[in-house]
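This report covers strands, cores, charges and rings in turn. Keep the sequence and the model at hand.

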Amino acid sequence: MKVLSAERFRSHMKGRPVVNGFLSYIHAREPHLMLCTGFEDYSDGYDDFELSLSRDNGRTWSASQPWLRGRPVQGGRLRYAEPAALFDEDTGKLIVLVDENLYPNDKLDTDSVCKVMQTIYNPATGSWTPPQDLALTPGRYLAMSFYFPIKTSQGQLLFPAMRPLLDAQGKPIHYQGCWATADESLTVIGEYGADGELYWQ
């Protein structure tokens, strides 16, 4: 018998529901997996993401280790959410783009400026690069949302993204009578330069 899929159940944290982050292989040949999960404080208010590793294709898992954590800052709380992960077999590294958003007084503000941050995991060293602001749309909202990015045969990394449409005054447009913004779909494109670094547009 061959196992085609399996499920892993995570417990809530003191009543905080579990929210999925990503699940990805982190090795080109070995069945090594990384699982990212977080916890929800309220609708669209995520925090305390954790990571677990499996070296046997998901049969057993390491204890969860803290990863991205929100923190209080001037004006509210800075939170991370909805990471999108791509394991690049050519470099052997896991590339993650994740949202960083200021919640004024720790309340969701759909008109705030959400940033896309990059952080890269090196399985060979077990280390992450510090989150780096890609600054793709300065002063304007841009976000990931649990997407499944791909790498093309030409070597481009394609991460779907979204941002709110703006009205004539430059303010986010909301659906009539609704808190949600009307968004447009974008693709964040990553390419390696001659120096081996990733560059995004």
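## Terms and basis

Buried means under 20% relative accessible area, exposed means over 50%, and partly exposed lies in between (1.4 Å probe, protein chains only). The model is predicted: local features need pLDDT of at least 70, side-chain atom pairs count only at pLDDT 80 or more, and totals for chains, interfaces and linings use all residues. Residues are numbered from 1 along each chain as its sequence is written, and side-chain values use heavy atoms, with hydrogens and water left out.

Strands here are DSSP runs of E with at least two residues, numbered from the N terminus. Two strands pair if DSSP finds at least two bridges between them.

Strand 12 (residues 157-164) and strand 13 (residues 183-192) are antiparallel partners over 8 bridges. Within strand 13, Val188 stands opposite Phe159.

## Nonpolar cores

A nonpolar core is a set of buried Ala, Val, Leu, Ile, Met, Phe, Trp, Tyr and Cys residues joined through side-chain atoms within 4.5 Å. The largest one has 20 residues. Phe22, Met34, Phe49, Trp67, Leu94 and Val96 have the most contacts inside it. Elements giving two or more residues to this core include strand 1 (18-25), strand 2 (33-42) and strand 3 (45-54). Strand 6 (76-88) is also among them, and it provides the largest share, 5 residues.

A second, separate core has 15 residues, including Leu97, Ala161, Val188 and Leu198.

## Salt bridges

A salt bridge puts a side-chain nitrogen of Lys or Arg within 4 Å of a carboxyl oxygen of Asp or Glu. The count comes to 13. Arg16 bridges to Asp48, with the closest N and O atoms 2.8 Å apart. Arg16 lies in the segment before strand 1 and Asp48 in strand 3, so the pair ties together parts 32 residues apart in sequence. Arg16 is buried at 16% relative accessible area, and Asp48 is buried at 13%.

Asp41 and Arg79 meet at 2.9 Å, N to O. Asp41 is partly exposed at 36%, whereas Arg79 is buried at 3%. Arg69 also forms a salt bridge with Asp48, at 3.6 Å between the closest N and O atoms. Shared partners join Arg16, Asp41, Asp47, Asp48, Glu50, Arg69, Arg77, Arg79 and Asp106 into one network.

## Aromatic contacts

Rings of Phe, Tyr and Trp (its six-membered ring) pair if their centres lie within 6.5 Å; planes under 30 degrees apart count as stacked, over 60 as edge-to-face and the rest as tilted. There are 6 aromatic pairs by this rule. The rings of Trp67 and Trp128 have centres 4.7 Å apart and planes at 40°, so the pair is tilted. Trp67 is buried at 15%, while Trp128 is partly exposed at 23%. Phe22, Trp67, Tyr121 and Trp128 form one aromatic cluster.

Phe159 and Trp200 have ring centres 5.5 Å apart and planes at 80°, so this pair is edge-to-face. It links strand 12 to strand 14, 41 residues apart. Phe159 is buried at 0%, and Trp200 is buried at 14%.

Conventions: Helix = DSSP H or I, 4+ residues; strand = E, 2+ residues; numbered from the N terminus.
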